[in-house]
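Please open the model in a viewer and keep the selection panel at hand.

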Amino acid sequence: MRTLVTGAAGFIGSNLVDSLLADGHTVVGIDNLATGRIGNLDSAFRHDTFVFVETGVAQRELAEIVREVAPDVVFHLAAQVDVRKSVGDPCSDAGTNVLGTINVAEACRQAGTRRVVFAASGGSRYGTPTALPIGEDAPPHPLSPYAAAKVAGELYLAAYADMYGMAPISLALSNVYGPRQDPRGEAGVVAIFGNALLHGYPGTIYGDGTATRDYVYVGDVVDAFRSAGTAPESLTGTFNIGTGVQTTTTELHRMMAAALGIDDPPVYAPARTGEIQAIALDHTAAHQRLGWDPHVDITAGIDHTIAWLRDTLDLSGSATVTA
Ligand SMILES: NC(=O)c1ccc[n+]([C@@H]2O[C@H](COP(=O)([O-])OP(=O)(O)OC[C@H]3O[C@@H](n4cnc5c(N)ncnc54)[C@H](O)[C@@H]3O)[C@@H](O)[C@H]2O)c1
């Protein structure tokens with residue numbers, strides 16, 4: 001299969017690239033390295049079936065690239081991913097997350113690529129849900145420019161399906177964690193706690209720690225993208241990709257500290273505004289239509305992530321941590 005992955009140097013994108021290459025597919029990776037790291041593609045560059053193009057998804061040249069590659073599937077993961085930045089500069093956020101997605105859709109239309117798999121946001125799509133886990137039939141209720149732009153992306157792709165017979169699938173991802181998540185990023189609490197604990201710090205919880213999230217392991221998310229990429233073209237629409245399980249922030253911290261043999265409690269700081277209290281996604285539709293289920297439970301996922309952090313972080317000079 002000839003594939004093109006936008007956001008290829010990012011956390012989820014680079015894991016997807018490695019998985020596609022391992023199965024013998026051709027991959028053209030696109031990324032402007034805004035938050036992605038070229039080092040995430042070290043193993044990809046060892047394949048002669050991989051090509052990387054450093055450019056932005058909203059750039060005009062994208063259409064030419066997609067036309068030349070003529071991919072069977074485009075996986076569109078490139079995005080401005082910081083909710084706070086989207087609040088501070090909503091036009092810039094929309095430039096990448098709305099115009100970039102339209103540019104991808106247009107490029108695919110011109111190249112004759114029907115299947116686009118889009119990274120939508122299940123964590124922000126539903127606003128403040130009252131009943132959990134929440135299904136895709138609940139109306140979108142974006143509460144930030146980031147959330148609105150992601151829903152706009154879904155809607156544009158749905159319009160392209162109606163207008164041009166394209167076959168988009170949007171995967172509404174819950175809180176993804178695992179190797180290559182940037183521990184210095186704004187989000188990504190598993191990587192952030194892991195980084196703090198491995199450096200001998202307790203880690204900070206904003207709020208009282210009772211807020212819940214639905215943590216899904218990156219390997220499972222890659223499987224969801226792969227399943228969507230090969231699904232029959234008649235299948236389009238939005239599918240939740242999450243475990244349906246809620247984990248509180250305090251419980252997550254406890255599990256991570258336990259995995260590292262640390263007893264110290266976290267530090268609690270005032271809650272940050274705009275954070276929802278609870279979310280978990282019902283993935284029944286993904287199970288039925290994509291044959292997708294999460295397989296990595298959170299304990300195993302935490303172990304994989306900690307192992308990766310140990311290999312990656314410079315821990316020289318850190319307080320001693322016993323494993
Ligand atoms: N991580 C999560 O929990 C989560 C949850 C829901 C949805 N998503 C979505 O999944 C996708 C991947 O997220 P991630 O967590 O891997 O984040 P990430 O920041 O690691 O990856 C995003 C990638 O997009 C690239 N990028 C940004 N702007 C670009 C542009 N204009 N042109 C080309 N490339 C650009 C970045 O350099 C980066 O490599 C995003 O679309 C994000 O919104 C992630």
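Begin by selecting Phe45, Phe50 and Phe52, which ring pairs link into a cluster. The model on display is a predicted one, and every value quoted along this tour is computed from it.

**Aromatic pairs**

The count of aromatic pairs comes to six. For one of them, select Phe75 and Phe225: the ring centres are 6.4 Å apart and the planes stand at 65°, so this pair is edge-to-face. Colour the chain by secondary structure to see what the pair links: Phe75 belongs to strand 4 (residues 73-76) and Phe225 to helix 8 (residues 218-230), distant parts of the chain that lie 150 residues apart. Are these two residues buried or exposed? Both Phe75 and Phe225 are buried.

Next, select Tyr177 and Tyr217. Their ring centres are 5.6 Å apart with the planes at 65°, so this pair too is edge-to-face. Tyr177 is part of strand 7 (residues 175-177) and Tyr217 is part of strand 10 (residues 215-217), so the pair ties together parts separated by 40 residues in sequence. Tyr177 is buried, as is Tyr217.

**Charges over rings**

Now colour the chain by domain. Domain 1 comprises residues 2-176 + 216-241, and domain 2 comprises 178-213 + 244-279 + 296-312. Taken over C-alpha atoms, the domain centres are 25 Å apart.

Where the domains meet, 22 residues of domain 1 are in contact with 17 residues of domain 2. Together the two domains bury about 1600 Å² between them, and 54% of this area is on carbon and sulfur atoms. Which residues of domain 1 lose the most area to domain 2? They are Phe11, Arg84 and Tyr217, which together account for 36% of what the domain 1 side buries.

Between domain 1 and domain 2, the count of salt bridges is two.

**Backbone details**

For the last stops, display the backbone atoms. Most residues other than glycine have a negative phi, and most peptide bonds are trans.

Select Leu132 and Pro133. The peptide bond from Leu132 to Pro133 is cis, with omega near -5°. Pro133 is found in the loop between helix 5 (122-125) and helix 6 (145-164).

Move to Leu33, a residue other than glycine whose phi is positive, near 60°. Leu33 lies in the loop between strand 2 (26-31) and strand 3 (50-54). With a relative accessible area of 26%, Leu33 is partly exposed.

Finish at Arg180, which is not a glycine and yet has a positive phi of about 85°. Arg180 is placed in the loop between strand 7 and helix 7 (189-198). Why does Arg180 count as buried? Its relative accessibility is 19%, and buried means under 20%.

Key:
Residues are numbered from 1 along each chain as its sequence is written. This is a predicted model: local features need pLDDT of at least 70, side-chain atom pairs count only at pLDDT 80 or more; totals for chains, interfaces and linings use all residues. Side-chain values use heavy atoms; hydrogens and water are left out. Rings of Phe, Tyr and Trp (its six-membered ring) pair if their centres lie within 6.5 Å; planes under 30 degrees apart count as stacked, over 60 as edge-to-face and the rest as tilted. Helices (H or I, at least four residues) and strands (E, at least two) are DSSP runs, numbered from the N terminus. Buried means under 20% relative accessible area, exposed over 50%, partly exposed in between (1.4 Å probe, protein chains only). Domain bounds come from an automatic or database domain assignment. Contact means heavy atoms within 4.5 Å. Buried area is the accessible area (1.4 Å probe) that two parts lose on being put together, summed over both. A salt bridge is a side-chain nitrogen of Lys or Arg within 4 Å of a carboxyl oxygen of Asp or Glu.
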